[in-house]
Amino acid sequence: MSTEPHSPVPSARSREDGQEVPGLSGLTRDWLSAIGEDPEREGLERTPHRVAKAWSYLTSGYEQTLQSVVGEGVFASEGSEMVIVKDIEFYSMCEHHMLPFYGRAHVAYIPEGRILGLSKFARIVDLYSRRLQVQERITTQIADAVQDLLAPQGVAVLMEGVHLCMAMRGVQKQNSSTTTSAMRGLFRSDARTRAEFMSAVQGTLRGR
């Protein structure tokens with residue numbers, strides 16, 4: 001199953017620290033004028049350039065692939081016990097309003113001859129988070145990525161996020177959070193396996 005809903009945005013640049021998204025400075029200047037600000041006033045003069053640099057980082061996932069972030073992080077292993085990586089922070093931008101949402105991801109899998117270096121789980125979460133996104137899609141992409149990499153007995157992903165498009169505008173519910181999950185293999189078919197995972201992460205969920 002593919003982990004990419006669409007092809008990465010093509011670009012000749014490298015989104016390294018300090019690199020600007022081409023053209024975004026001018027667009028930001030126009031945006032400032034459109035909302036009634038003066039882009040020439042002190043305090044805003046450098047804002048278009050700062051925004052262009054920030055968005056280069058916030059959308060760097062478009063220029064990465066699963067293979068590039070994992071590298072040689074897959075190893076042979078005889079173990080078959082559940083592995084859980086909890087509390088992976090994520091930050092993303094809502095594709096509907098281009099406002100941030102953020103939270104924590106919990107990823108589990110049951111190996112079948114291969115394991116993944118623990119730091120690679122955070123890199124996979126960042127790969128899909130650093131794009132214009134919805135939480136439901138990120139959750140599925142992470143689960144499919146681990147499934148494709150390792151072909152394990154099962155994969156589980158649980159994500160809990162706070163969406164500023166809901167807290168800052170619209171219904172303005174600051175204390176709400178959204179939980180999404182994706183289960184593959186034994187986590188979907190075996191209720192006991194799924195319950196073991198949920199029990200392990202339950203205490204870390206927001207407000208619990």
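Select α4 and α5. Their crossing is right-handed, a term for a near helix turned clockwise from the far one by less than a right angle, with anticlockwise being left-handed. Helices here are DSSP runs of H or I with at least four residues, strands are E runs of at least two, and both are numbered from the N terminus.

This is a predicted model: local features need pLDDT of at least 70, side-chain atom pairs count only at pLDDT 80 or more, and totals for chains, interfaces and linings use all residues. Residues are numbered from 1 along each chain as its sequence is written, and side-chain values use heavy atoms, without hydrogens and water.

Stay on the helix pair. Two packed helices are described by the angle between their axes and the distance between the axes. α4 and α5 pack at about 135°, with their axes 9 Å apart. Axes are lines fitted to C-alpha atoms, for helices over the stretch in contact, and angles run from 0 to 180 degrees between N-to-C directions. The two helices are therefore oblique to each other; under 35 degrees would be roughly parallel, over 145 roughly antiparallel, and 65 to 115 roughly perpendicular.

Next, show the side chains between them. On α4, pick Phe-121, Ile-124, Val-125, Tyr-128 and Ser-129. On α5, pick Ile-138, Gln-141, Ile-142, Ala-145, Val-146 and Leu-149. Contact means heavy atoms within 4.5 Å.

Now widen the view to the largest nonpolar core, which has 29 residues. Such a core is a set of buried Ala, Val, Leu, Ile, Met, Phe, Trp, Tyr and Cys residues joined through side-chain atoms within 4.5 Å. Buried means under 20% relative accessible area, exposed over 50%, partly exposed in between (1.4 Å probe, protein chains only). Select Leu-66, Phe-121, Ile-124, Tyr-128 and Ile-142, which touch the most other members. α5 gives the most to this core, with seven residues.

Center on Phe-121. Beyond its neighbours within four places in sequence, Phe-121 is in contact with Val-85, Ile-88, Val-107, Tyr-109, Leu-116 and Val-146. Then find a second, separate core of nine residues, including Met-82, Ala-108, Ala-156 and Leu-158.

Two backbone stops remain. Most residues other than glycine have a negative phi. Go to Asp-87 in strand β2. Its phi is positive, about 60°, and Asp-87 is partly exposed at 34% relative accessible area. Move on to Met-98, in the loop between β2 and β3. Phi of Met-98 is also positive, near 55°.

Finally, zoom out. The chain has eight helices and seven strands. Of its 208 residues, 41% count as buried.
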